[in-house]
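Colleague: Thanks for sitting down with me over this one. Could you walk me through the fold, piece by piece?

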Amino acid sequence: MSKYNSRNLPYLPLLILLGLLLFLVNLDALFVNIMEARNFIAAREMLTHGNWIFTTMNELPRYEKPPLPTWLTAISAGLFGLENLFAYRLPAALTSIFLVVIFYKFQLRLNIKKSFAFGASVILMTSFYIVFSGRDGQWDIFTHSFMVACCYFFVLMLTSEKKNILYAFVAGLFFGASLMSKGPVSLYALFLPFLISYGVIYKFKQPGKNWKLYLIFILTGLISGSWWTVYVHYYDPAAFAEIATQESSRWFNYNVRPIWYYWSFFTQSGIWTIPALLGLFYWYLKGKVSNLKAYQFYLLWTLISVVLLSIIPEKKSRYLLPVLIPLAVTTAFYVEVVIKNFRHNFSKTERFPVYLNFILLTLIAFAAPAILYYALGAVVLEKSFVYVGFSLGMIALGALFIFGMIKSRIKLLFSLQATMILFIILLGFPLTKLIDPDRNTPNISNLKDLMEEENLVLYDAVGMLPELIWEYGKPIPVIASPEDISKSEEKFGVLIAHGDKDQQEAFKNCILEFQGTLDLNPTISKGSNSRLMRDFYIVRKKQP
């Protein structure tokens, strides 16, 4: 019987288990943000209005994003409940687990060892923006996960001796799924850098001979990924053209940042920031890594992706999500070098960033309970059992960091680094319920109850507020004045910008009964964002 060692570990089941813990536990803890609200409203209106092809938000056309993630979200909500937040976030969470699995398999295809691929996959799933996207109902995680699957089957298509046509077809389907999730975003930010890097490092062997495979891949991808766009453009051209013009102009006129804005891209990996930065030092690592070709490939992929994203004038931190995927492997190569060489082959200079990394994590672990209490105040005692459990867990983690540094147990330290994210999700996330806007008074439930009791329609005189529409549970028409409302409607509810006298003046010919100020800001920052505030009135039209 062979000796049991790390090669015998069930890496794939372990990854799936970790994924379930990271992405599913306490999935409904955080309140819904503006991006989620937009997506969830569209999914809900698919179920309540039947708008599966001509997608809507607040009963208005919403063609900014293709509908595949919205379909998946609507199906989940249909199965588990229209008011079940867990159900709306479940597809993104499962897609994140799929990303981790396909990411692991992709590395094995490039002759990377299982143990290394497992470590890189753990780094990926515990990187800040991967965790955030996987637990948040935004569509970035869908488009990039499907594109990574496309890259995997594309490599299988090129390197396998059998089933090449099948692999070309499956790669094309995932390519199309990515397009159907967020248009050409991942094509530009992930697939193109992958294609260039693979061609440079691994070469495309006999491209002329494989033209049929490329043709199958391209046709399958384009047909499966563009049919919805063609269909909606044909049957609703005016709305589609207007939205397309707005979206395309944003790339060059909205949220414009300088070309160097993404210079700190490695910080989006969160707790892996220092190792991620050092993993980019090619001249230092090239003679130490276990698989130089793979390291060169993932490093080039990372850098090209950053460069391509930097060229686009519109920049947001979340656009760096595709960069974190190859970056996880370059980070893992640095971690591997540290584990192998720290005890005997590292100089004081080389040890410094390693100790700095773990000292910072130790300080964070010990400080977390105090910071949390300072941020939330005495309200944290409402969940005293959870708070004590979280505090003890973080303190124990800090103590283990100290033990690991004293004993130079580097593998243990990096394991604890990944475990920190798990601790925060399992023990810390339930505390976020204490800052939920629903705890503000009055809240959306008070509004809903009053509207239902008096059988009134609610209008918004400010503009569409996605978070409010999501919480309210049905569309809220936008109006500018009472003249926009049917003459037969003598009494209705209206939302006005908080303290806005001009908007109140628009209703001067009506009787306004102030009911309260709705504040959708978190409880710890009430009133900080005026966009999330509305004064609520019951309006009665004056009789002539």
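This is a predicted model: local features need pLDDT of at least 70, side-chain atom pairs count only at pLDDT 80 or more; totals for chains, interfaces and linings use all residues.

Colleague: Which residue is joined to T441 by a cis peptide bond?

Modeller: Most peptide bonds are trans. Here omega is about -5°, and the bond is cis.

Colleague: Now for helix α1: within what arc do its buried residues fall?

Modeller: The helix covers residues 11–24 and reaches 19 Å from its first C-alpha to its last, close to the 20 Å expected. Its buried residues are Y11, L15, G19, L22, F23 and L24. They line one face of the helix, because seen down the axis of α1 they fall within an arc of 155°.

Colleague: Which helices do those buried residues of α1 pack against?

Modeller: An α-helix has 3.6 residues a turn, so residues three or four places apart point the same way. In α1, the buried set includes L15 and G19. Just after the helix, N26 takes a positive phi of about 55°. The packing partners of the buried residues are α4 (85–109), α5 (114–125), α6 (128–134) and α18 (410–428).

Colleague: Which strands stand at the edges of the open four-stranded sheet?

Modeller: The strand order is β3-β4-β6-β5, with mixed pairing. An edge strand here has a single partner, so one of its sides is left without a neighbour in the sheet; the two edge strands are β3 (458–460) and β5 (510–519).

Colleague: Staying with that sheet, what is the bridge partner of I511 in β6?

Modeller: Strands of a sheet pair through backbone hydrogen bonds, either parallel or antiparallel. β5 and β6 (residues 533–541) run antiparallel and are joined by nine bridges. Across β3, β4 (491–497), β5 and β6 lies helix α19 (residues 444–453), at about 15° to β6. As for I511, its bridge partner in β6 is R540.

Colleague: How many residues are in the largest nonpolar core?

Modeller: L468 is among the residues that touch the most other members, together with F106, F153, F191, F194 and F297. Not counting residues up to four places away in sequence, L468 touches I444, L447, D460, I476, L495, L518 and L520. Apart from this core lies another, of 11 residues, among them A461, V494, I496 and Y537. The count for the largest nonpolar core is 156.

Colleague: Last one: what is the relative accessibility of S186?

Modeller: S186 is found in helix α9 (residues 185–201). Beyond four places in sequence, S186 touches T143, H144, M147, S178 and F191. S186 counts as buried, because its relative accessibility is 0%.

Terms used: Residues are numbered from 1 along each chain as its sequence is written. Side-chain values use heavy atoms; hydrogens and water are left out. The expected span of a helix is 1.5 Å times one less than its number of residues. Buried means under 20% relative accessible area, exposed over 50%, partly exposed in between (1.4 Å probe, protein chains only). The arc is that of the directions from the helix axis to the C-beta atoms. Contact means heavy atoms within 4.5 Å. Two strands pair if DSSP finds at least two bridges between them. Axes are lines fitted to C-alpha atoms, for helices over the stretch in contact, and angles run from 0 to 180 degrees between N-to-C directions. A nonpolar core is a set of buried Ala, Val, Leu, Ile, Met, Phe, Trp, Tyr and Cys residues joined through side-chain atoms within 4.5 Å.
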